[in-house]
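This report describes selected features of one structure, which is shown below. Please keep the structure in view while reading.

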Amino acid sequence: MNDIVLEARGIVKRYGHVTAVAGADFDLRAGEILAVIGDNGAGKSSLIKVLSGDVVPDAGEVLLDGKPVHFKSPHDAQLAGIETVYQDLAMAPALDIATNLFLGREIRRKGPLGSVLRMLDVKEMRAQSRQQMDALGITTLQSITQPVDSLSGGQRQTVAVARAAAFGRRVVIMDEPTAALGVRESKGVLDLIRRIRDTGIPVVLISHDMPAVFEVADRIHIHRLGRRACVVRPGDHEMNEVVGIMTGALPPPAAAEAS
Amino acid sequence: MSESVQTAGAKAAGVPDTSGTRAVTVVDRVFRNPVLGPLAALVLACVVFSLLTDNFFSVNNFSLILQQSVVVGTLALGQTIIILTGGIDLANGAIMVLGTLVIAKIAADSLNLQLPALFVGLLVCAALGAVSGLIVSRLGLPPFIVTLGLLTILQAASRLYTKETVVVEPGPLTFLSSGTYLFGYFRITLGVVVVLLSVAVLHYALTRTAWGRHVYAVGNNELAAKRTGINTKRVLMSVYVLAGVLYALAALQAFGRSPATSPNAFPTANLDTITAVVIGGTSLFGGRGTVLGSYLGALIVLVLQSGLTQAGIDPLYQNIVTGILVIAAVALDTVTRKKAR
């Protein structure tokens, strides 16, 4: 249970004179939901962007399954099996759900139709999309051929999460997945996050939503002033303690590592 | 696809959430079949003019309209794929005209030079497309400004290159003008066949290949496309170069219509293509539209011109009607987009 899947050591990222990440460490273990919290400007987004390949760090290293990796783009991270669900969802609204699920990873027809005429296997992609939705227990989408712009915010989030779960072989990272959702929709997404964890893929959850964090997280990574202040277990601390550590009102606990 | 744990509870607990899904309305159906609108407009215009005038409904007239559609129709295909990515091309007429001039000048001396000349013209048009594509995709400049600059440069460059009218000899360059009579009396030229084939091939590429979906995705949400792993710069580049190739094809179509060309040829071609694209239901905001619609849009403009001429109406009114149609089409697009939000 303690094998580390994704790890970062001494990450530094500067933007001009501003140091967003100042020697941050990070580790994500197999089969867990790790929440990453921090005040605005604490540098958690920059850290996450390093992990998802969106940003190249100035110093430090990222290790996947113990091996150093150097992501130059989100595409590199995707090839390594790390999928990210962005806060402003990465979707093409005029295209349908199945098309969005397979965007950038389309399946072509077998034989000369696919290799010569580059014809897409629309049927296969739709079938796999349906299969993925069923596997995740998603029942809120009526039809896989609906355009995304006809969906509600929660449904769009569901599609984005399903896509990440479908292709994230190693890690799924979610940036504020419940920020724009109502109570009921949030609950659906949190259930989905648990189900992804239960399939064996560890999830990194960046969130300001403390009740959500305490509901689903196995461990909480508290980010402060550009680095990791500590990692705690939700069962060991009260919500206001965690917020206190996050804002600097309370010192991080002495035994900083939750094991 | 990942192996997943399917819990019975998850399925039972899930209640279909229809709160966020709108009922499918008539507007949605038109929206989902984007070709339906322009097709209906085309048929309606044909019916109206057939009833109102004596000469509109004739095999000869329909044949003529199809032949008139080849140049703007081909240019509009390039315009469509650029607009689908959220861009616009103000220089496509100028690129094509320079292409015809280069071809005609090189081929002036000998019939044997016609095919090499065509090849050089193709390279020139593709290279000019590549220039726009590079500036738009690498430097991130707005396509409107880039192609406006290119238009100004090319108009001057064409006149510096030659100020006279150049004529090509009948030969390989004019073979698109050759035709045959279908069913004994419906004249159809090779140019018409080629433009219809171009529409079909591009329609296939846009709707049935990954490249096509990436074109739509870039126009929908470029950042999102990039994040799903699509090389958006390469998609943009491919679109502008392909548009350049289509402009070269339009140059060849132009020789099929008339062997003579000059720097002053096709002064309204560029705006005509934007008109065709917009009337054809493609959104100027990118990400929505079809090449089939654009070709129908080009036909609609020609049908209006033909019909109003047959009805004996001052040609200037044709432009007024076309202008109203453009604004109406954009208004419809804006309304549909707002509904879709």
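## Two residues with positive phi in chain A

A:Leu225 is located in the loop between strand S9 (219–224) and strand S10 (227–232) of chain A. Helices (H or I, at least four residues) and strands (E, at least two) are DSSP runs, numbered from the N terminus. Although A:Leu225 is not a glycine, its phi is positive, at about 50°. Most residues other than glycine have a negative phi. A:Leu225 has 14 other C-beta atoms within 10 Å and is therefore partly exposed. A residue is buried if 20 or more other C-beta atoms lie within 10 Å of its own, exposed if 12 or fewer, and partly exposed in between, with C-beta atoms placed from the backbone.

A:Arg118 is another residue that is not a glycine and has a positive phi, here of about 55°. The loop that holds A:Arg118 runs between helix H4 (112–115) and helix H5 (122–135) of chain A. With 17 other C-beta atoms within 10 Å, A:Arg118 is partly exposed.

## Basis of the model

The model is predicted: local features need pLDDT of at least 70, side-chain atom pairs count only at pLDDT 80 or more, and totals for chains, interfaces and linings use all residues. Residues are numbered from 1 along each chain as its sequence is written, while chains are lettered from A and ligands numbered from 1 in the order in which they are written.

## A buried strand residue in chain A

A:Val21 belongs to strand S2 (residues 18–29) of chain A. A:Val21 counts as buried because it has 30 C-beta neighbours inside 10 Å. Apart from neighbours within four places in sequence, the contacts of A:Val21 are A:Ile11, A:Val12, A:Lys13, A:Gly43, A:Ser46, A:Leu47 and A:Gly226. Two residues are in contact if their C-beta atoms, placed from the backbone, lie within 7 Å. A:Val21 and A:Arg228 are 207 residues apart in sequence, yet their C-alpha atoms are 9.6 Å apart in space.

## The largest nonpolar core

The largest nonpolar core contains 170 residues. Such a core is a set of buried Ala, Val, Leu, Ile, Met, Phe, Trp, Tyr and Cys residues joined through C-beta atoms within 7 Å. The residues with the most contacts inside this core are A:Ala92, A:Ile193, A:Val204, A:Leu205, B:Met96 and B:Tyr247. Helix H12 (residues 232–257) of chain B contributes the most to the core, with 16 residues.

When residues up to four places away in sequence are not counted, A:Ile193 touches A:Ile33, A:Met174, A:Val203, A:Leu205 and A:Val216.

## Chain B as a whole

Chain B has 15 helices and four strands. Of its 341 residues, 46% are buried. Among contacts in chain B between residues at least 6 apart in sequence, 75% join residues at least 24 apart.

## Helix pairs in chain B

Helix H6 (residues 92–106) and helix H7 (residues 114–139) of chain B pack at an angle of about 155°, and their axes are 8 Å apart. H6(B) is therefore roughly antiparallel to H7(B). Axes are lines fitted to C-alpha atoms, for helices over the stretch in contact, and angles run from 0 to 180 degrees between N-to-C directions. Angles under 35 degrees count as roughly parallel, over 145 as roughly antiparallel, 65 to 115 as roughly perpendicular and the rest as oblique. Among the residues that form the contact are B:Ile95, B:Leu98 and B:Val102 of H6(B) and B:Val120, B:Gly121 and B:Val124 of H7(B). The residues of this contact comprise 12 nonpolar, two polar and no charged. Here Ala, Val, Leu, Ile, Met, Phe, Trp, Tyr, Cys and Pro count as nonpolar, Asp, Glu, Lys and Arg as charged, and the others, Gly among them, as polar.

Helix H4 (residues 59–68) and helix H14 (residues 291–310) of chain B have axes that come within 10 Å and cross at roughly 135°. H4(B) and H14(B) are therefore oblique to each other. In this contact, B:Asn61, B:Ile65 and B:Gln68 of H4(B) meet B:Leu299, B:Leu302, B:Val303 and B:Ser306 of H14(B). Four of the contact residues are nonpolar, three are polar and none is charged.

## An enclosed helix in chain B

Helix H13 (residues 269–279) of chain B has 10 of its 11 residues buried, so it is largely enclosed by the rest of the structure. B:Thr275 lies in this helix and counts as buried, with 24 C-beta neighbours inside 10 Å. Neighbours within four places in sequence aside, B:Thr275 is in contact with B:Val301, B:Thr322 and B:Val326. Just after H13(B), B:Gly281 has a positive phi of about 95°.
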